[in-house]
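Please consult the sequence and the model while reading.

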Amino acid sequence: MSLILQLVIFGISAVALIWSADFLVKNSEKLGNSLKLPHFITGVLILSIGTSLPELATGIASMLRDEPDMLLGNVIGSDVANILLGLGFLALITRKNIEYHQQIFEVHFPIFMISVFMLVVTLWDNVITPTEGILFLLVMAAYIWFLFSAKKNSKKEKHHQKFSWKFVVFILIGIAGLVTASHFLIDSVINLATICGLGKASLAATLVAVGTSIPELVVGYSAIKRKNNEMVIGNILGSNIFNIVLILSIGSFIAPISASAITMQVMLPFLVGTVLVYWVASKDKKITIQEGAGMTVLYVLFLGKLFGFL
């Protein structure tokens, strides 16, 4: 198959994947609302996990094709892109400092650090086992408990929609779209790697990772323009946490997740470095334009190392 055809298939699949995830989340929220489920489930949990649905779908598709390193590449690449591009690059192109006032740095970020630390420890022997996947689930449960605790005292009332079977049908359509789009997307990446002679994990950490992170980038750009910076930080950190604890746990239950040399020598160190950079840059509760420029350069270095340019 030609390079152009595979790129077209990848582009269409990425768009379909993002649309399906958004369609599924919106209709799941409407269904929960019509069934008068707690706001935590319909408004917080569904949206939080929803940001990781594209990565989850492609991760499962990778494991079913016996490509565990593509799952790791997608997870790590997405987390790196979310921070360096979703915060750094957006601060640079919007020419605005990303300032925030909520205690995000004291709560969300430590859980993210714990998730990354667990990833490093579990990959010490180059494989994540189902038993270690259970540990990731425990961290996810702790994070969900925190989200619930933060919202349980909310005074907001909401209008309950009338139940309709169309919500159920639309949810099934969204799930079918996720499954189909992730199938074609992973196949196109495997074919692109073969045609171009590139590593599958490297393409998963770049093409797939950036493709599945586009919603966060678009929403982040709009939110920064509206000065809703807390939404940007919370969305990115929440997505990064669920990327690790949810996707890796489910992936490990399908089969042990083994890591290649490039994952251990390039991707994982860059993820740890990205976390440290974000920690240093955010101690004053803002990402400056200058720091954004530095983060953007760091992402370019990440690409260079992945594809052997540096």
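A salt bridge is a side-chain nitrogen of Lys or Arg within 4 Å of a carboxyl oxygen of Asp or Glu.

The model is predicted: local features need pLDDT of at least 70, side-chain atom pairs count only at pLDDT 80 or more, and totals for chains, interfaces and linings use all residues. Residues are numbered from 1 along each chain as its sequence is written, and side-chain values use heavy atoms, with hydrogens and water left out.

**Overall form**

- The protein chain has 11 helices and 4 strands; these are DSSP runs numbered from the N terminus, with helices (H or I) of at least four residues and strands (E) of at least two.
- The radius of gyration of the protein chain is 19 Å, close to the 19 Å given by the globule rule for 310 residues, so the chain is as compact as a globular protein of that length. The radius is taken over C-alpha atoms, and the rule is 2.2 Å times the number of residues to the power 0.38.
- Taken along the principal axes, the box filled by the C-alpha atoms of the protein chain is roughly 55 × 45 × 40 Å.
- Of the 310 residues of the protein chain, 51% count as buried.
- Where contacts (heavy atoms within 4.5 Å) join residues at least 6 apart in sequence, 86% are between residues at least 24 apart.
- Carbon and sulfur atoms account for 70% of the accessible surface of the protein chain, which comes to about 14,100 Å². Accessible areas come from the Shrake-Rupley method with a 1.4 Å probe; for residues, only the protein chains shown count as cover.

**Charges and salt bridges**

- The protein chain carries 21 positive and 17 negative charges, whose mean positions lie 13 Å apart. Lys and Arg count as positive and Asp and Glu as negative, while His and the chain ends are not counted; each charge is placed at NZ of Lys, CZ of Arg, CG of Asp or CD of Glu.
- Across the whole structure, 3 salt bridges are found.
- D22 and K26 form a salt bridge with an N to O distance of 3.3 Å. Both residues lie in helix α1 (residues 3-34), 4 residues apart, about one turn of the helix. D22 is partly exposed at 39% relative accessible area, and K26 is partly exposed at 47%.
- D187 and R65 meet through their side chains in a salt bridge of 2.9 Å, N to O. D187 belongs to helix α7 (residues 165-196) and R65 to the loop between α3 (53-64) and α4 (68-94), so this pair ties together parts 122 residues apart in sequence. D187 is partly exposed at 25%, as R65 is partly exposed at 24%.
- K200 and E67 form a salt bridge whose closest N and O atoms are 2.9 Å apart. K200 lies in helix α8 (residues 200-225) and E67 in the loop between α3 and α4, so the pair ties together parts that are 133 residues apart in sequence. K200 is partly exposed at 29%, whereas E67 is buried at 17%.

**Buried positions in helices**

- D79 is located in helix α4. Not counting residues up to four places away in sequence, D79 touches F112, N240, N243, I244 and L271.
- S182 is located in helix α7 and is buried, with a relative accessible area of 4%. Neighbours within four places in sequence aside, S182 contacts L17, A57, T58 and A61.
- S182 and F307 are 125 residues apart in sequence, and their C-alpha atoms are 24 Å apart in space.

**Loop residues**

- K227 lies in the loop between α8 and α9 (229-254) and is exposed at 66% relative accessible area.
- R95 has a positive phi near 55° and is not a glycine. R95 sits in the loop between α4 and β1 (98-99) and is exposed at 56%.
- N126, also not a glycine, has a positive phi of about 70°. N126 is in the loop between α5 (104-122) and β2 (127-128) and is partly exposed at 33%.
- Most residues other than glycine have a negative phi.

Technical notes: Buried means under 20% relative accessible area, exposed over 50%, partly exposed in between (1.4 Å probe, protein chains only).
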